[in-house]
Amino acid sequence: MKHSDKEFDLQAYLSKGVEQVVTDAVKATLRDPKESAFLLKFAAASRAASKKRQAAENAGEHIPSYLIASITSQCNLHCAGCYSRCNHATVDAAPTSQLTAEEWARIFHEADELGISFVLLAGGEPMLRRDVIEAAGKKPNILFPILTNGTFLDEKYFDLFDRCRNLVPIMSIEGEREVTDARRGTGIYDRLIANMDEFHRRGLIFGASVTVTTENLREVSSEAFLQKLSDRGCKAVIFVEFVPVTEESRELAPGDAEREYLRDEIARLRNERPEMVYISFPGDEKDSGGCVAAGRGFFHINSHGGAEPCPFSPYSDINVRDTSLRDAMNSRLFRELREGGYLMEDHAGGCVLYERREQVEKIMAGTAV
């Protein structure tokens with residue numbers, strides 16, 4: 001059954017989702033007093049943020065709970081099938097026109113004022129922007145998961161993560177050594193495991209991100225793989241559905257059967273393995289009344305400041321350099337996507353907007369019907 005916005009309370013659903021993630025995270029860190037103390041403080045901040053969003057909702061303005069910020073376009077790896085490189089959003093060398101640390105600090109401040117509780121830092125490889133990550137560490141009311149390939153972790157970063165517990169590295173891993181190294185490069189798996197062991201030794205929280213394909217679905221949801229992460233102190237696993245960027249890679253995208261399997265597995269894991277938090281992206285769109293991009297639940301800011309519906313839908317008609325975060329989330333493109341029903345449509349891949357990219361391009365050109 002598909003929900004409509006009229007019968008589905010999106011704000012209540014997302015607020016409950018934020019509270020559940022925080023509650024699960026507190027449970028997952030009960031053996032670490034320092035981490036639990038931070039998360040209990042963050043839980044109070046999250047409740048206050050939720051009240052801000054609800055007050056805005058009551059006044060006719062929708063504020064999303066999440067934000068995805070690609071703080072750099074640069075990356076040192078060439079992972080097979082990377083959507084960002086295929087879209088030319090990720091490159092080897094850092095362009096000079098990227099947002100400065102001061103500009104990102106302003107965005108984080110505005111997000112805090114609006115009641116946005118989570119800002120996912122992505123890239124490229126976000127660890128290349130230590131200045132931006134340090135700015136994020138100064139906003140304890142916001143939790144900043146950092147989606148990283150794990151190759152730039154050093155002593156200074158470990159010290160920063162110890163001081164600023166709102167910064168949570170989420171290291172990308174594709175399963176066991178063979179599949180991880182095949183996609184990310186020889187030796188990456190061993191480096192990731194070494195990083196996890198060091199985080200565990202220092203008592204620092206971290207998570208793992210897995211790109212789910214038809215080839216690794218069973219492995220990355222297996223007891224053996226998840227137990228290995230848990231034994232090393234991992235506290236969160238984000239399952240990201242593979243989005244095909246070429247016709248040749250379409251067969252890797254999870255279909256309805258694989259999504260249903262993953263959904264059931266996550267429900268089981270949340271019940272049987274509470275020591276870790278499990279998040280699926282884009283996750284079960286049926287329960288959230290459709291895709292939550294374009295400001296319904298989150299939106300994306302690229303490294304140059306363009307406000308985009310989603311990393312998989314790299315289209316922008318407004319730049320946060322020139323306007324406020326509030327104005328960006330109400331851009332013409334976002335409004336038309338939300339109000340035109342584009343986010344509710346059925347689709348074959350992991351992203352409805354990628355499937356409907358020709359329609360999005362028509363909106364950008366002002367020719368959509």
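**View 1. Helices H5 and H6 run roughly parallel to each other.** In this predicted model, local features need pLDDT of at least 70 and side-chain atom pairs count only at pLDDT 80 or more, while totals for chains, interfaces and linings use all residues. Residues are numbered from 1 along each chain as its sequence is written, and side-chain values use heavy atoms, with hydrogens and water left out. The axes of H5 and H6 come within 11 Å and cross at roughly 15°, and angles under 35 degrees count as roughly parallel, over 145 as roughly antiparallel, 65 to 115 as roughly perpendicular and the rest as oblique. Axes here are lines fitted to C-alpha atoms, for helices over the stretch in contact, with angles from 0 to 180 degrees between N-to-C directions. The crossing of H5 and H6 is left-handed, and the contact (heavy atoms within 4.5 Å) joins Arg130, Ile133 and Glu134 of H5 to Lys156, Tyr157 and Leu160 of H6. By class, this contact of H5 with H6 holds 3 nonpolar, no polar and 3 charged residues.

**View 2. Helix H4 (residues 101-114) packs against helix H5 (residues 130-137).** The two axes lie 9 Å apart at an angle of about 30°, and H4 and H5 are therefore roughly parallel to each other. The crossing of H4 and H5 is right-handed. On the H4 side the contact is made by Ala101, Trp104, Ala105 and Phe108, and on the H5 side by Asp131, Val132, Ala135 and Ala136. The residues of the contact of H4 with H5 divide into 7 nonpolar, no polar and 1 charged.

**View 3. Helix H6 (residues 155-163) packs against helix H8 (residues 188-202).** Their axes are 12 Å apart and meet at an angle of about 45°, which makes H6 oblique to H8. H6 passes H8 in a right-handed crossing. Here Glu155, Phe158, Asp159 and Phe161 in H6 meet Glu198, Phe199 and Arg202 in H8. The residues of the contact of H6 with H8 comprise 3 nonpolar, no polar and 4 charged.

**View 4. Leu121 lies in the largest nonpolar core.** A nonpolar core is a set of buried Ala, Val, Leu, Ile, Met, Phe, Trp, Tyr and Cys residues joined through side-chain atoms within 4.5 Å, where buried means under 20% relative accessible area (1.4 Å probe, protein chains only). Of the 105 residues in this core, Leu121 and Leu325 touch the most other members. Leaving aside residues up to four places away in sequence, Leu121 touches residues including Ala69, Ile71, Phe108, Ile133 and Ala136.

Key. Helix = DSSP H or I, 4+ residues; strand = E, 2+ residues; numbered from the N terminus. Left-handed = near helix turned anticlockwise from the far one by under 90°. Nonpolar A, V, L, I, M, F, W, Y, C, P; charged D, E, K, R; others polar. Buried < 20%, exposed > 50% of the residue type's maximum accessible area, 1.4 Å probe, protein only.
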